[in-house]
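Colleague: I've got a structure open and I'd like to learn how to read it. Can you walk me through the features one at a time?

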Amino acid sequence: MKILLLSPNRVITPYPVYPIGLDYVAGSIPTGHEVRVADLNVTSLAALDCLLADFAPDIIGISCRNLDNTEVANSRSFIQEYTDLVSRLRSRSDAIIVIGGSGFSIMPRQMLSELGADYGMVGEGERFGLLVEAIAAGKPPAETIPGIIGQQTDDQITTPVPWHGEQTRNFSKSSEHAGFYLEKGGMLNLQSKRGCSFKCIYCSYPAIEGAVHRLYVPETVAETALRLQEAGAKYLFITDSAFNSDIQHSLAVARAFKEVGVTIPWGGFFAPVKLPQDYFSTLAECGLSHVEFGTESLSNTVLKSYRKPFRVSDVFTAHAQARDARLHVAHYFLLGGPGETMETLAESLDNAEQLEKTVFFFFTGMRIYPQTALYDIALQEGLITDTTDLLVPVFYHNPNIPDYQAIEDLVKERAAGRINWVVGSGEEQSGVTVTKLHERGFVGPLWEYLAR
Ligand code: B12
Ligand code: SF4
């Protein structure tokens, strides 16, 4: 069969991201089938039309990574872009259309009916190979393969079915889209495990990847990292929900990097939990350069209410450990969720003043996702009903705070023009700036230039 895999993600804030999910989807397709990948960061819509005519795919797989930009002010939804894309494909091709990806897996049933695709694959895409074989054999995939939903099935799959089979990352440096990321900034990405076992009230990650860790063999992760380095990567972002949610495993992965000869810098998301004293210095010796802490608040009342697995003192300790190891450090905040008041906001900002040589990204709205504790809170508080459409972003409204503008105003007032206090992801202009710097040879996420 002829299979076209599509990445429609053209978001450039904070920078364009390599569509790593499709490497695994492509890797699951058995030999004997013909596979092409089109990344709309590289392939224009006109070029896509030509590809559809020349290649004439039997199956088209679309990776729906982002639903929206999750920003309450300046909110941007991508659903219409996906719907337009599916209409375009339908008018030019008879291919069976399958959707998947992290955004899709958060609200699979709604996405499938909104986009009008034939099938959706909830969670990991490694079952795509089975789907291809089923279609080739004329069998109905949604009835025979777990985790797949179709327009005709009335099942209610809401949680990902974990994949325990083989996994292959199909990365090729000579592919057109890999060349794009290698040339513009040289940032590629890498995964060392799936799942997050923490239970923060607002988080969709356990619903996407599952709540149970599935750890990759550290040496295999390091071999992949080396392969990406040899392909020309200049920086690696580890895409794990929280790289240090299994401390021993993260140390083993880092040591394996050093062992096999990975020399390029790398970074990822970290939870500022209690860590061994030499944790960050060990990782720094193995090439870690950037630490992005999911701090969310610097008020214990709020951290407790968000069910974060750490407290303010842990954040200070983790920050100091990372700084002592000469790492670049950023903190992400999620202000205004349940438990927040104007007093806790002031407390968080007071505490933020005490953290030196860092960048703060303040997000001021908590998006409500199904299957989270926040969803239940919002239901109880009457903010939503069980029929509210959450594909269009809905944000938690905190009864203790006038509105989000009040939070933003407070943050901006306290920031007093400091460039390391960034509200949101920095908006479109920051993506344009980073893209220009990447074109000029700068490497990595580049937020370290804002650190003060
Ligand atoms: C790492 C990460 C980032 C990093 C990426 C760094 C990098 N260089 O890669 C950074 C910090 C830059 C980032 C930024 C953003 N992110 Co982000 N990010 C993630 C995270 C944690 C992991 C994504 C990832 O790469 N996973 C690893 C790969 C292997 O998994 P995957 O892509 O999901 O693919 C698997 C399956 O989904 C499936 N699959 C994928 N495609 C397809 C296609 C088909 C046909 C099939 C069948 C299956 C399939 O198979 C794959 C293998 O199993 C997710 C949360 C999560 N845990 O998923 C959020 C997440 C994707 N991000 C999200 C968002 C919103 C954003 C931003 C818009 C935020 C912002 N305002 O800046 C930007 C957008 C950036 C961009 N250019 O697109 C949201 C998307 C949901 C939503 N509400 O829209 C998520 C889900 C987090 C959340 N809030 O819930 N992000
Ligand atoms: S630690 Fe991070 S990824 Fe894990 S549940 Fe909490 S917010 Fe989500």
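Predicted model: local features only at pLDDT ≥ 70, side-chain atom pairs only at ≥ 80, totals over all residues.

Colleague: Which residue does Arg 88 meet in a salt bridge?

Modeller: The general idea is that side chains of opposite charge can pair when their charged atoms come close. Here Arg 88 pairs with Asp 49, with 2.9 Å from N to O. That pair ties together distant parts of the chain: Arg 88 sits in helix H3 (residues 79-92) and Asp 49 in helix H2 (residues 45-55), 39 residues apart. Using the 4 Å rule, you get 18 salt bridges.

Colleague: Okay, next feature. Into which domains is the chain divided?

Modeller: There's domain 1 (2-150) and domain 2 (187-450). Their centres, taken over C-alpha atoms, are 27 Å apart. The contact between them takes 28 residues from domain 1 and 35 residues from domain 2.

Colleague: How do I read the buried area between domain 1 and domain 2?

Modeller: Think of it as the accessible area that two parts lose on being put together, summed over both. In this model, domain 1 and domain 2 bury about 2700 Å² between them, with 62% of that on carbon and sulfur atoms. On the domain 1 side, Tyr 15, Val 72 and Ile 106 supply 23% of the area buried against domain 2, more than any other three residues.

Colleague: And how many salt bridges are there between domain 1 and domain 2?

Modeller: Four salt bridges. Have a look at Arg 194 too: this residue forms a salt bridge with Glu 126, and the closest N and O atoms are 3.1 Å apart. Between domain 1 and domain 2 you'll also find five residue pairs in polar contact, both partners at pLDDT 80 or more.

Colleague: Which helices each supply at least two residues of the side of domain 1 that touches domain 2?

Modeller: Helix H1 (20-27), helix H4 (102-106) and helix H5 (108-115). The largest share comes from H5, with three residues. Sort that side of domain 1 by class and you get 14 nonpolar, eight polar and six charged residues.

Colleague: Now the ligands. Which residues come nearest to ligand 1?

Modeller: To read a shell, list the residues that have a heavy atom within 4 Å of the molecule. For ligand 1 that gives 46 residues, of which Ser 63, Leu 67, Asn 189, Ser 204 and Tyr 369 come nearest. The shell draws at least three residues from each of domain 1 and domain 2. H1 gives the most, with five residues. By class, the shell around ligand 1 holds 19 nonpolar, 19 polar and eight charged residues.

Colleague: What about individual atoms of ligand 1?

Modeller: Look for polar atoms that approach each other. A polar side-chain atom of Ser 204 is 2.4 Å from an oxygen atom of ligand 1, and one of Asn 9 is 2.8 Å from an oxygen atom of the ligand. On the nitrogen side, a nitrogen atom of ligand 1 lies 2.9 Å from an N or O atom in the side chain of Glu 209.

Colleague: Last one: which residues are around ligand 2?

Modeller: Cys 196, Phe 198, Cys 200, Tyr 202, Cys 203, Tyr 205, Ser 241 and Lys 308. Split by class, that shell has six nonpolar residues, one polar and one charged.

Conventions. Residues numbered from 1 in each chain as written. Chains lettered and ligands numbered in written order. Heavy atoms only, no water. Domains from an automatic or database assignment. Contact = heavy atoms within 4.5 Å. Buried area = accessible area lost by both parts, 1.4 Å probe. Salt bridge = Lys/Arg side-chain N within 4 Å of Asp/Glu carboxyl O. Polar contact = N/O pair within 3.5 Å; in protein donor to acceptor, adjacent residues only side chain to side chain. Helix = DSSP H or I, 4+ residues; strand = E, 2+ residues; numbered from the N terminus. Nonpolar A, V, L, I, M, F, W, Y, C, P; charged D, E, K, R; others polar.
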